[in-house]
Amino acid sequence: MSKKSMSWSEMIKLNNRAFYLYFRHYPQMVLSRMVCVMWDALTPYVGIYFSALVIDELAGGKDAGRLRFLVMLTLVSGAVIALLSALFNKWKETHNAGLWWKVNALLFEKLLAMDYVSRDEARTAELLFIIRQNQGGSGWGLHRVLGGYEEVCSSVFTLVGGIALTVSLFVSRVPERAGVYTILNHPLSAVLMIAVMLTITYIAPVLSNKANSYWAFSVQSLNLANRLYAFFGALGYHRETAADVRMYRQDKICERSNRENRENTFGSKGLMAKYGRGPMGLCNAVSSAVSVIFTGMVYAFVCLKAWAGAFGLGAVAQYIASITKVSVGMSGLISALGDMRNNAAFLVPVFEFFDIPNTMYQGSLTVEKRRDRKYEVEFRNVSFKYPGSENYALRNVSIKFEIGRRLAVVGMNGSGKTTFIKLLCRLYDPTEGEILLNGIDIRKYNYAEYMMIFSVVFQDFQLFALKLGENVASGTSYDRGRVRDSLEKAGFAERLLELPDGVETYLYKDYDKSGVNISGGEAQKIAIARALYKDAPFIILDEPTAALDPVAEADIYAKFNEIAGDKTAIYISHRLSSCKFCDMIVVFHEGAIIQQGTHDSLVADENGKYHELWHAQAQYYTE
Ligand code: ADP
């Protein structure tokens, strides 16, 4: 981040945008905060005003009836104000609970609505990391915005109230008999006093803001150090690395990064420590000292005028209180604006993230609901390059999926099998060519409806530390019978019998101590059961048996026809023996389909890739 501060207009634009973002999503939260802040800023003046009247009456007229009336008025107004304050604060607390959660919900909403292609980009991950880092580090970014507006609002009201009660201080005249003190009646003395007070009030928060701006200047080095720490410093936290760390003492390779972080970034040689010893510390110190001078001057001016007879004791109390409020209001305003300006620099990545456009065309055609599952999908001359990549991951692929049949997609690693599936599910759009569903380009369909026709078990599927049934159904309410049925079909029946609470058993121990740990193979079976529960017309298994033991693998193959039922099934594997049962096999090589046919016809083609792969693998498998 550059050392140049952001322009005021840019800062206002960014903050207003964040304010409206909150307002659109959480209007009650914003309103309750603003109402409370105005109320809290204005009500103290009622007390100040009535107290001054009481003191004046005590020092002057001493009329018991009037005194009683004034005291009653002070007490009743105080009680009403306290009651309304409690009500407003309750309203505010109700709507402000979980602000952190609400901000994260805004980020998640954007992430989920984002095109997969953008979600997959490195810049998206980087922005998300920066935003969360700034948030977690010292609360910079979206979290700070409403606080800034509150501070501005409260300061303006404090200022206006303070000025209203202070004006008479400068207007009230010292009587002529006060001799030399009549100089205080000269307009210049008031102007001079106001000028000095304003200057001092201005300097303190400006210096304090300047001190805070050093956070923004050092954020890049802090972010990098935090990122390194998040990985190397916290190696012991990751469950996945626990075994490797012990086996290879990987903590040793982290020492250098951790030492550098400790000493050069967060320690005494770090940028923040340098700023703290230098300009940042100086600004903070002078800012505090200047505030004390202000208080001294206020007392001197007010007391001199009272001494000279310009007003009584009650007014002294009122003026000291109200002028202090003017100063608090003004420095609050300057410091709030400065803080909003510092924070605006942290809103830039936030809005870069929110502005990531959705460029994939979203059609509106509904996908016809067909009981006969006759959904015909065809790739027509499809080629594809990943964004930012020079090379084609798929080249001129043409294929028609036959309804209700089993198709195997085979090929070496990197030949384009997974990319082919990602295009079929429209996670990406083809660079050239088109994909058709029942003769219509899939881009023209409503995307959510199009996704409903696929169940996919990706290689890197995720299960959650929730109940087994919730994982299978991807929801909190589910049909237990269907969950059990899907698990049985996926080969999980025996293990299910051992689970203490059946489909209600929690997976892993993160949220429930009676949760069960499951092996990679078991996790894969649950993922397959989840795909079956969705009961979509297409079922796609991407290397589904990679983590299964040979017995479980054989079991899945044997039952695959039963598992897939009347669905169109696509089965991806680089293990050819697992594809023999399929009606049709297509062979991918360097992004293109180079062969297709049944196992027998392909193995018979001695010059083909399939024949070569088959014989290369045959030594590991018995036919
Ligand atoms: P397979 O599933 O057959 O192992 P993939 O479809 O994963 O192959 O990969 C096909 C090609 O696309 C490979 O060259 C791979 O490096 C490249 N590739 C895969 N994912 C990405 C990505 N997100 N960005 C850029 N290139 C990618």
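Let's start at Phe23, which sits in helix H1, residues 8–25 (helices, H or I, have at least four residues and strands, E, at least two; both are DSSP runs numbered from the N terminus). This is a predicted model, where local features need pLDDT of at least 70, side-chain atom pairs count only at pLDDT 80 or more, and totals for chains, interfaces and linings use all residues. Residues are numbered from 1 along each chain as its sequence is written, and side-chain values use heavy atoms, without hydrogens and water.

With a relative accessible area of 34%, Phe23 is partly exposed (buried means under 20%, exposed over 50%, partly exposed in between, with a 1.4 Å probe and protein chains only).

Now find the open sheet, whose four strands run in the order E2-E1-E4-E5 with antiparallel pairing (two strands pair if DSSP finds at least two bridges between them). Strands E2 (392–400) and E5 (440–441) are at the edges with a single partner strand each, so one side of each has no neighbour in the sheet. Strand E4, residues 432–437, pairs with E5 over two bridges in the antiparallel sense. Leu436 has Asp441 in E5 as its bridge partner. In general, strands of a sheet pair through backbone hydrogen bonds, either parallel or antiparallel.

Our last stop is Thr568 in strand E8, residues 568–573. Is Thr568 buried or exposed? Its relative accessibility is 4%, so Thr568 counts as buried. Beyond its neighbours within four places in sequence, Thr568 is in contact (heavy atoms within 4.5 Å) with residues including Phe401, Ile403, Arg405 and Phe538.
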